[in-house]
Amino acid sequence: MPAELIDRRQGVAGELALYRRDGQLELVVGGTFAMATGEVDSERDMISRGAALAKRSVRQVLIGGLGAGLSAAAALSLPGVEGVTVVELEPWVIEWNRTHFAPFNRCALQDPRLTLVAGDFAEAVQGVSPGSYDLVAVDTDNGPDWLLRAENAAIYGAEGIAACGRALRAGGVLAVWTADPCLALAQRLRAMLGPVSRRDYLRLAGDRELLNTVYYALKLEETSHVG
């Protein structure tokens, strides 16, 4: 079934196009498929599994990238969570979360526990006070090997990982979503934070099958490698 164009706007990272297909919404950024509401297992599991792997109660969550608000909704549904901060670069993605995406994310932006920061995650995470969060989830781009926005490379490099690590309390988890498995990223996470695990997810993008990966890095309780 052909996709129906709902809205098209100029964004920070290029043209943003929102489509509806078979009752689901698809977001295309700069002509490249970014996400669809019907293929969200990895986004939701990134939050629930990250919280389960943490060696502490998850009260505060930081998310890089709003998308359709599904990760935010998953974080708000965690038992005992007190606050969720989401950083999103694109103003129109924020607006669509209040309108078109709201039925899919259970109106997450209306939850008083959610704080929405409009800006660049790579810059925002540098200013986070040390030990502010129990779980940091990064779903800002497609990962270091398939960037939609070149500036996002800073998130996955040593400085970006170090900043995410500083934002975590000991026993907290950094979860990073990537469009493809990335051994170099896994090695960096392990060297700078601690033990790393991964989970792969198969999803459909139009008529293509894609293998997505989420890496989970546990910030060590007694010793942090983050400088």
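Mentor: A nonpolar core is a set of buried Ala, Val, Leu, Ile, Met, Phe, Trp, Tyr and Cys residues joined through side-chain atoms within 4.5 Å. Buried means under 20% relative accessible area, exposed over 50%, and partly exposed in between (1.4 Å probe, protein chains only). This is a predicted model, where local features need pLDDT of at least 70, side-chain atom pairs count only at pLDDT 80 or more, and totals for chains, interfaces and linings use all residues. Residues are numbered from 1 along each chain as its sequence is written, and side-chain values use heavy atoms, leaving out hydrogens and water.

Trainee: Which residues touch the most other members of the largest nonpolar core?

Mentor: In general, nonpolar side chains of soluble globular proteins tend to be buried together. Here the largest core has 43 residues, and Ile 47, Val 61, Ile 63 and Val 84 touch the most other members. Helix α2 (residues 70-76) gives the most to this core: six residues. Helices (H or I, at least four residues) and strands (E, at least two) are DSSP runs, numbered from the N terminus. A second, separate core has 28 residues, including Ala 163 and Leu 185.

Trainee: Is Ala 54 buried or exposed?

Mentor: Ala 54 counts as buried because its relative accessibility is 11%. Ala 54 sits in the loop between α1 (41-53) and β5 (60-64). Contact means heavy atoms within 4.5 Å. Leaving aside neighbours within four places in sequence, Ala 54 is in contact with Gly 171 and Val 173.

Trainee: How many residues of helix α7 are buried?

Mentor: Seven of the ten residues in α7 (158-167) are buried. Among them are Gly 160, Ile 161 and Cys 164. The buried residues of α7 pack against elements including β8 (133-138) and α8 (183-192).
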